[in-house]
Every structure is written in structure tokens, then in C-alpha cells.
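Here is a short briefing on one chain.

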Amino acid sequence: MLSVQTKVKGTYMLLTSGIPRLSYASEGKGPLIIMLHGLLMSGESWVNNGFSAFFSPFFHVVCPDLLGHGVSEKPQLQKLYTQPNQALSIIKIMDELDYEKAHVIGYSSGAWAALGLLNHYSERLNSVVLGGWDFRNGLPETPEGKLSFDMFMSYARSTAPQLTSGLSLDDQESARCFFNELRKYSEKKESLFPYKTPILLWAGASDPYYTSMSETAQQHGLSMITGRGDHLSELNNPDKESINEIFKFIEYHEAWKPPVVC
């Protein structure tokens, strides 16, 4: 059973009935699109950046707060944050909403979560847009080794204080659990793009991951959208052209065709 929790900018926040419970914003009617946010963000990111309003006249847009984020539960139990478990939590949302299939847009750690859906539930996906993620290396290397959570938080506090200023100690520890799973990512452990599911890559031209993503697109014959932003601004302030291209990609792979957006 679903329960209404609060109302955010014209969208209703709901909670799934499973454990752990995820909160999500829901807006519009029609074929389902699930939008997965990045680390330290929430489903509201897709409301604030205009994606939800752009798609909701033609689709049912669902923007979860991923585990450990937003209003979703924030357990400090590492095994709950694995890629298979997080993918299953998204599938449970689809099941509760009575959708067999969905389109998925994932950005940064949301792209990592979308890869989990591709790895374990590709038959439930109509298409996937993967933004802002290095499919070769995952998190970046530093002179001290793979980026650590403490290094990430220090960088985030100095460059994006809006993401860290309201975090409690419990919030940080649940984010650490999520981060620990991202840190385990390795291309060698992933069957990279063996899927029949249509995939579109998306990155800002100033994103440090851009070069690696572009090379991945070429290697695997995937289409890629290049915006004008860096890693954070590409999600927070995307070009209208980028949103439109993503819309056209999803429209093309949807049996029910919404009106063409020019």
C-alpha cells in the first residue's frame, strides 16, 4: 500500500511499502519514466532542473530518493546498498505502480544504479539514459588511491556546499554506505553493454568523465549527448537541447508515441 507523505512543487511524495522504504515524487500519466539522482541529491533534483515538468505532460514521471537520501530510509547496513539490492528497490516501485516496463534516466551514482537495473532486470526496461559516470573506472583515482568518502565530502563542502550544508551525521553515514558500493565498481566486474536495451549516454563537455564516456560510446556504438556543463551543472542546469534530445530518444523507443517536441 502507498501512503502520501508530503507535497513538493506540484508533485506528491510517496513511500513504498517494502523494507527499506523509498520515498519518490510522482507526476503525470502515461508510460513510466524513472529518474535516478546523484550522490547527496534527491528525487527533487529532477523537479528543480525542469526534467519532470518537461516529461510529465506525456509520461508518468517518478523520481525516487535513492536509499540513504532525501526522505527515504537511511539504514547504516552496508549490504542494503549493493547494486542488486538498489535495483530491486526500483523494481518494487514499478510493481507497486503496476508497470511491467519503464524508461530510466540515471545521472552520476544514479547511472550506477541504472546499470544495476540493466545487469539484473534488463527485461523490465524500455530504454536507459546514463549520464555522468565513468564506465571504465567508476570513481576517480587520486594520488592516495581510489577516491575515498572523506576526500569526496571535503571536496563537496568546498565546491558544492548546497549539497552538504544540511546533512546530519546520520545522513553522512548512510551516504558513506552508498559511496562504499560506488567505490567497488570495476569494469572487469561489469558485463559492459551486452544488452538489447537501447542506451543513450549523456555528459557535459566540461565533465571530467566526458572523455572516458565519449570513448565508451565510440567503442560500443552508442549515441551520446554532449551538454555545455560540468559534472554538477549539467544535471542542475541542463541545456534545453539536451533535455529535448533525451525526450526524442525515449519517444523513439516508446510504443505509445507522444506528440513530437521541436
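Helices (H or I, at least four residues) and strands (E, at least two) are DSSP runs, numbered from the N terminus. The model is predicted. With that numbering, Lys79 falls in the loop that links strand 5 (60–64) to helix 3 (83–96).

**Lys79**
- Lys79 has a relative accessibility of 56%, so the residue counts as exposed. The cut-off for exposed is over 50%.
- Phe178 is 99 residues from Lys79 in sequence. In space, the C-alpha atoms of Lys79 and Phe178 are 9.8 Å apart.

- Strand 7 spans residues 125–131 and is mostly covered. Six of its seven residues are buried.
- Strand 6 (residues 102–107) runs parallel to strand 7, and six bridges join the two.
- Within this pairing, Leu125 of strand 7 stands opposite Ala102.
- The chain leaves strand 6, passes through helix 4 (residues 109–121) and reaches strand 7. This β-α-β crossover is right-handed.
- Strand 7 also pairs with strand 10 (residues 199–204). The sense is again parallel, over four bridges.
- Leu130 has Leu201 of strand 10 as its bridge partner.

**Largest pocket**
- The largest pocket holds about 700 Å³ of space.
- Its lining counts 27 residues. Closest to the centre are Ser108, Phe152, Tyr155, Tyr209 and His231.
- Strand 8 (141–142), helix 5 (149–159) and helix 7 (169–183) each give at least two lining residues.
- Helix 5 gives the most, with four residues.
- By class, 18 lining residues are nonpolar, six are polar and three are charged.

**Second largest pocket**
- The volume of the second largest pocket is about 380 Å³.
- A set of 20 residues lines the second largest pocket. Leu40, Met41, Ser42, Gln162 and Leu163 are the closest to its centre.
- Helix 1 (44–48), helix 6 (161–164) and helix 7 each supply at least two residues of this lining.
- The lining divides into five nonpolar, 12 polar and three charged residues.

- Helix 7 supplies at least two residues to the lining of the largest pocket, and at least two to that of the second largest pocket.

Conventions:
Residues are numbered from 1 along each chain as its sequence is written. This is a predicted model: local features need pLDDT of at least 70, side-chain atom pairs count only at pLDDT 80 or more; totals for chains, interfaces and linings use all residues. Side-chain values use heavy atoms; hydrogens and water are left out. Buried means under 20% relative accessible area, exposed over 50%, partly exposed in between (1.4 Å probe, protein chains only). On a 1 Å grid over the protein atoms alone, a cavity is a set of points where a 1.4 Å probe fits but cannot get out, and a pocket is an open set with protein on both sides within 12 Å along at least five of seven lines; lining residues have an atom within 4 Å of a point. Grid points are joined across faces, edges and corners, and a volume is the space filled by probe spheres set on the points. Ala, Val, Leu, Ile, Met, Phe, Trp, Tyr, Cys and Pro count as nonpolar, Asp, Glu, Lys and Arg as charged, and the others, Gly among them, as polar. Two strands pair if DSSP finds at least two bridges between them. A crossover is right-handed if, with the strands pointing away from the viewer, the path from the first strand over the helix to the second runs clockwise.
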